[in-house]
Each structure stands twice: as C-alpha cells, then as structure tokens.
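Dear colleague,

Please find below the structure that I am handing over to you. My notes on what was found in it follow directly after it.

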Amino acid sequence: MQVLPIYSGATTQEMPSLGKLIVLTGPSGVGKGTLLQKLLERHPELYYSVSATTRSPRPGEVDGINYYFVARNQFEKLVAQGEFLEWAEFAGNYYGTPRTAVLDKIKSGKLVILEIELEGARQIRRSYPGALSVFILPPTFSELENRIRGRGQDSDEAIARRLHRAQEEIQAAGEFDIQIVNDDFETALHQVEAVLFG
Ligand code: ADP
Ligand code: 5GP
C-alpha cells in the first residue's frame, strides 16, 4: 500500500485564489469516472485529485492512481489530523480529498478537478464558494441501474445501497452550478468541456 503524502495542514480559509477548483458530482454509475478519464486524456492541464478511501480496490484499480486505499483506523486518524479538504461516508466506506495536494496545485495555477459525492461537494461549496460545481445526471433511473449493473464491479448489496443513495443525490442536482445529462457520451463530454474551458 502506498503511503499518503505528507500534508501541511492548511485551513480552507487559506485556500488560494489562483487557479480553479472544479467539483464533479453525480450518482454512482452515471459515468463520472468515464467522463473524467476522457477529460484528463484530452486536457493535460487538468489535475485530478486522487482521493483516499477505505473501500477495497476493484479489479484493475491501482493504489495511488485510482485511490489511496487505506484502513478505516488510518482514515480516522487522518480526519482527526485535519488532513482532508472534505470527507464523507458513502455506501459504508469513507472517502476524502487530501488537503495539501489540492491547495498546492491551485496555488501553482492548475485547474483542479474533484470527483466526489454529494456530501463532500456540499462541504467544498461551503468552504470554497468560488468552486465551480457540476452535477452529472443519468437520462433515466433505469439507465443508471443498467450502467451500475453493466459495470459488473459491485456486489448486489453495494448496488442496492448505491441506487438508494442515487435517488437522494439526484434530488439535490439543482444545488449545483451546472447540470449535465450523460445520455449520449460524446455530447455530455463536449458539454463538460464547454463548461470547463469555455
Ligand atoms: P461513475 O464513475 O459515475 O460511478 P462510471 O464512469 O464507472 O460511473 O460509468 C458506469 C458505467 O456506465 C461504465 O460501464 C461506463 O462505461 C458506462 N457509461 C458511462 N457513460 C455512458 C453513456 N453515456 N452511455 C452508456 N454507458 C455509459
Ligand atoms: P466508488 O466507490 O464508486 O469509486 O465511489 C463512490 C462515490 O464516492 C462516488 O460518488 C465518488 O464520486 C465518491 N468519491 C470518490 N472520492 C471521494 C472523495 O474524496 N470525497 C467524497 N466526498 N466522495 C468521493
């Protein structure tokens, strides 16, 4: 397991104004990760913040690339040390954004993108009102279910939890600056690009 980077413990009040912070949210299975992967391929100037999680790696996921996979007690220690810009519990696991890596990248003028769930996005909006928040919606709820099942990487129990949570998340879409429906993938990708890069 890779060790988390060392954090300086800056507070959100110290969030630098240079650069931009983008928050990408939406229910599990809507296609956030797939959109993000394409955005990163096409826009090397984007910096993707790798989160920490207590979830087990899915097949093919790499520690330090997809997530920093940490034990629950280690995550709780990092929370107590103030090492996260935001964190939340989602479907039985913790997820959090490392504070210092994000602050440093913003300070250096990078466009930083977080792909996080609703509660974390709300925390970021409160602590950094200048962040641009984008909510990705599925064309229909049954299509969302098809995508989660089609991904074939979650247990039935995990899928049920994610779908239950998805209903609450979708109701919160209006809180976000921009809403984009990921129906046709290329169309949605271009819409996200238009929002990010004008
Ligand atoms: P998330 O990161 O939001 O949980 P993923 O990016 O893992 O979602 O996508 C879930 C599944 O849906 C993947 O199998 C992905 O290939 C598929 N998918 C993503 N966007 C579309 C789309 N526009 N149309 C059909 N399938 C899609
Ligand atoms: P998954 O287990 O499918 O990778 O992610 C589950 C959910 O956690 C997704 O909605 C994803 O956006 C969210 N998530 C990933 N990293 C973070 C994070 O650092 N903070 C928060 N709050 N949510 C995250």
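Helices and strands here are DSSP runs, numbered from the N terminus; a helix needs at least four residues and a strand at least two. One such run is helix α7, which covers residues 185-197 and contains L189. Please bear in mind throughout that this is a predicted model.

Ligand 2

I begin with ligand 2, which sits in the largest pocket. The elements that contribute two or more residues to the shell around ligand 2 are β5 (84-90) and β6 (93-98). That shell has 16 residues, of which S51, R55, Y67, Y95 and E115 come nearest to the ligand. By class, the shell around ligand 2 comprises 7 charged, 5 nonpolar and 4 polar residues.

- E115, with a polar side-chain atom at 2.4 Å from an oxygen atom of ligand 2.
- R55, with a polar side-chain atom at 2.5 Å from an oxygen atom of ligand 2.
- R162, with a polar side-chain atom at 2.7 Å from an oxygen atom of ligand 2.

How much of ligand 2 does the protein bury? Taken alone, ligand 2 exposes 510 Å², and the protein buries 96% of that area.

Ligand 1

Ligand 1 is surrounded by 14 residues, and the closest are G29, G33, T34, R151 and N182. Two helices, α1 (32-42) and α5 (141-151), each supply at least two residues of the shell around ligand 1. The classes in this shell are 6 polar, 5 charged and 3 nonpolar residues.

Several contacts with ligand 1 come from the protein backbone. A polar backbone atom of G29 is 2.7 Å from an oxygen atom of ligand 1. For G33, a backbone N or O atom lies 2.8 Å from an oxygen atom of the ligand, and for K32 a polar backbone atom is 2.9 Å from an oxygen atom of ligand 1. On its own, ligand 1 has 570 Å² of accessible area, and the protein covers 73% of that.

Helix α7

L189 counts as buried because its relative accessibility is 0%, and the cut-off for buried is under 20%.

What does the side chain of E193 make a polar contact with? The partner is the side chain of R42, at 2.9 Å.

F185, found in helix α7 too, is partly exposed, because its relative accessible area is 22%. F185 and G31 are 154 residues apart along the chain, and their C-alpha atoms are separated by 8.5 Å.

The loop between β5 and β6

The loop between β5 and β6 holds A91, and G92 is found in that loop as well. A91 has a positive phi of about 50 degrees, although it is not a glycine. Are these residues buried or partly exposed? A91 counts as partly exposed because its relative accessibility is 26%, and G92 counts as partly exposed because its value is 34%. Between the C-alpha atoms of G92 and Q191 the separation is 32 Å, and these residues are 99 apart along the chain.

Strand β8

Finally, S133 belongs to strand β8, which spans residues 132-137. With a relative accessible area of 1%, S133 is buried. S133 and E175 are 42 residues apart in sequence, while their C-alpha atoms are 8.8 Å apart in space.

With kind regards

Conventions
Residues numbered from 1 in each chain as written. Chains lettered and ligands numbered in written order. Predicted model: local features only at pLDDT ≥ 70, side-chain atom pairs only at ≥ 80, totals over all residues. Heavy atoms only, no water. Near = heavy atom within 4 Å. Polar contact = N/O pair within 3.5 Å; in protein donor to acceptor, adjacent residues only side chain to side chain. Areas by Shrake-Rupley, 256 points an atom, 1.4 Å probe, with all protein chains shown as cover. 1 Å grid on protein atoms, 1.4 Å probe; cavity = no way out; pocket = protein on both sides within 12 Å on 5 of 7 lines; lining within 4 Å. Sits in = over half its atoms within 2 Å of the grid points. Nonpolar A, V, L, I, M, F, W, Y, C, P; charged D, E, K, R; others polar. Buried < 20%, exposed > 50% of the residue type's maximum accessible area, 1.4 Å probe, protein only.
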